[in-house]
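Welcome! Let's get to know a protein chain together, one question at a time.

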Amino acid sequence: MDTDSEFAIEVRGLVKRYRGSRGQAGIEAVRGIDLSVRRGEVFGFLGPNGAGKTTIVRMLCTLLPITDGQARVAGVDVVKNPAEVRRRIGVALQEVGLDPRQTGRELLELQCGLYRVPRPAARCAELLALVGLSEAADRTVKTYSGGMRRRLDLATALVHEPQVLFLDEPTTGLDPASRATVWDEVRRINAAGTTVFLTTQYLEEADQLCRRLAIIDDGRLVADGTPDSLKAKLGSDVITVGLRPDEHQAARDALAALPGLDHVTDAAEGLAVYVGEGAAAVADVVRLLVEAGIRPGTVSLARPTLDDVFLASTGRRIEGGTPEAAA
Ligand code: ATP
């Protein structure tokens, strides 16, 4: 057993085929995924509905048999030694199974009992403080908000001090304030030393929370890296200048001299100027236009978003890219 590996998760050629029922064709939900997650990272899996995120998490958590390929989690082979993997991981999946008639503290104590955690009362108090539920600990769960339930769910996944915590869409269905609180808890849990592997269909969540992420679409990895490196691969910032239609050609001619220019396209009410370092180029754009006798009505700078990365990788925009859009 390799417990010294620098990787919390190593996956090679992972495949999942679901058998079809009643004469229906089966489906290949995961089509050969390679993946390495370093110890101590928050690693995100970003993809639209049906991309295969839940299927992968369930395989890594030993809840679903692997069709093909290899996976090691917390240094242990998932297929050869699933019981040991389960001892080393914590899991909070989408369907939260908390009994609403029990208090937060009772539920945590129950979980401590299941894992035979020594000094359960002290461990519960520590976890309630970690997820910000100390004051609500003795209220029944049915009085908790959605965000509080998610945080209690995080705490129950942590009772046995897992090395790796799996979270499947931890903030789906939460309002923005609760979402931000859950993000804070995930950051705190990670700062306390736990590797976090989470899935999300929210671009903002991946951007805010994950040190590295992989974009998955239709069972395949289409891109991976840090959020910034993924955006940087697109190469360009975009400066949009508002112009009258009769100014377009003269503006294009003037902007040909812009240092670092990638290309220029028509935008809704002017031109979109793609350039390596947008912030540095704004002043030059304005100067070149003014020197050519053109006064732009507006000038705005945008950096590429993860949605642009998704578009560039798959040819489509991600559905439900913001929680508001999904709602
Ligand atoms: P979501 O964001 O909606 O949870 P996901 O990215 O987690 O989506 P999965 O739930 O892993 O996606 O599903 C991947 C594909 O596998 C989908 O096409 C889904 O219909 C299919 N699938 C999932 N579970 C089963 C199953 N038990 N039997 C057959 N097909 C399944």
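Below are some questions and answers about this chain.

Q: What kind of model is this, and from which number are residues counted?
A: This is a predicted model, in which local features need pLDDT of at least 70 and side-chain atom pairs count only at pLDDT 80 or more, while totals for chains, interfaces and linings use all residues. Side-chain values use heavy atoms, with hydrogens and water left out, and residues are numbered along each chain as its sequence is written, starting from 1.

Q: How many helices and strands does the chain have?
A: Helices here are DSSP runs of H or I with at least four residues, strands are runs of E with at least two, and both are numbered from the N terminus. The C-alpha trace of the chain spans about 75 × 50 × 45 Å along its principal axes. Its secondary structure comes to 12 helices and 14 strands.

Q: How far apart are the centres of domain 1 and domain 2?
A: The bounds come from an automatic or database domain assignment. Domain 1 covers 7-224 and domain 2 covers 236-303. Taken over C-alpha atoms, their centres are separated by 45 Å.

Q: In what order do the 4 strands of the open sheet lie?
A: Strands of a sheet pair through backbone hydrogen bonds, either parallel or antiparallel. Two strands count as paired if DSSP finds at least two bridges between them. Here the pairing is antiparallel, and the order is β12-β13-β11-β14.

Q: Which are the edge strands of that sheet?
A: An edge strand here pairs on one side only. Neighbouring strands of the sheet are turned by 20° against each other on average, direction ignored. The edges are β12 (261-267) and β14 (299-302).

Q: Which residue is the bridge partner of Ile239 in β13?
A: Strand β11 (residues 237-242) and strand β13 (residues 270-275) run antiparallel and are joined by 6 bridges. In this pairing, the partner of Ile239 is Val273.

Q: Which residue in β14 stands opposite Val238?
A: β11 also pairs with β14, in the antiparallel sense, over 4 bridges. In β14, the residue opposite Val238 is Ala302.

Q: How many of the 6 residues of β11 are buried?
A: A residue is buried under 20% relative accessible area, exposed over 50% and partly exposed in between, using a 1.4 Å probe and protein chains only. Of the 327 residues of the chain, 48% count as buried. β11 is mostly covered, and its buried residues number 5.

Q: Why does Gly270 count as buried?
A: Gly270 has its place in strand β13. Leaving aside neighbours within four places in sequence, Gly270 is in contact (heavy atoms within 4.5 Å) with Val241, Gly242, Leu243 and His248. Gly270 counts as buried because its relative accessible area, under the 20% limit, is 1%.

Q: At about what angle does helix α10 run to β11?
A: Axes are lines fitted to C-alpha atoms, for helices over the stretch in contact, and angles run from 0 to 180 degrees between N-to-C directions. Helix α9 (residues 248-255) packs on the sheet, touching β12 and β13. Helix α10 (residues 278-291) lies across β11, β13 and β14, and its angle to β11 is about 30°.

Q: Why are α9 and α10 described as oblique to each other?
A: Angles under 35 degrees count as roughly parallel, over 145 as roughly antiparallel, 65 to 115 as roughly perpendicular and the rest as oblique. In their contact, Ala251, Ala254 and Leu255 in α9 meet Val285, Leu288 and Leu289 in α10. The axes of α9 and α10 are 9 Å apart. The two helices are therefore oblique, with a packing angle of about 120°.
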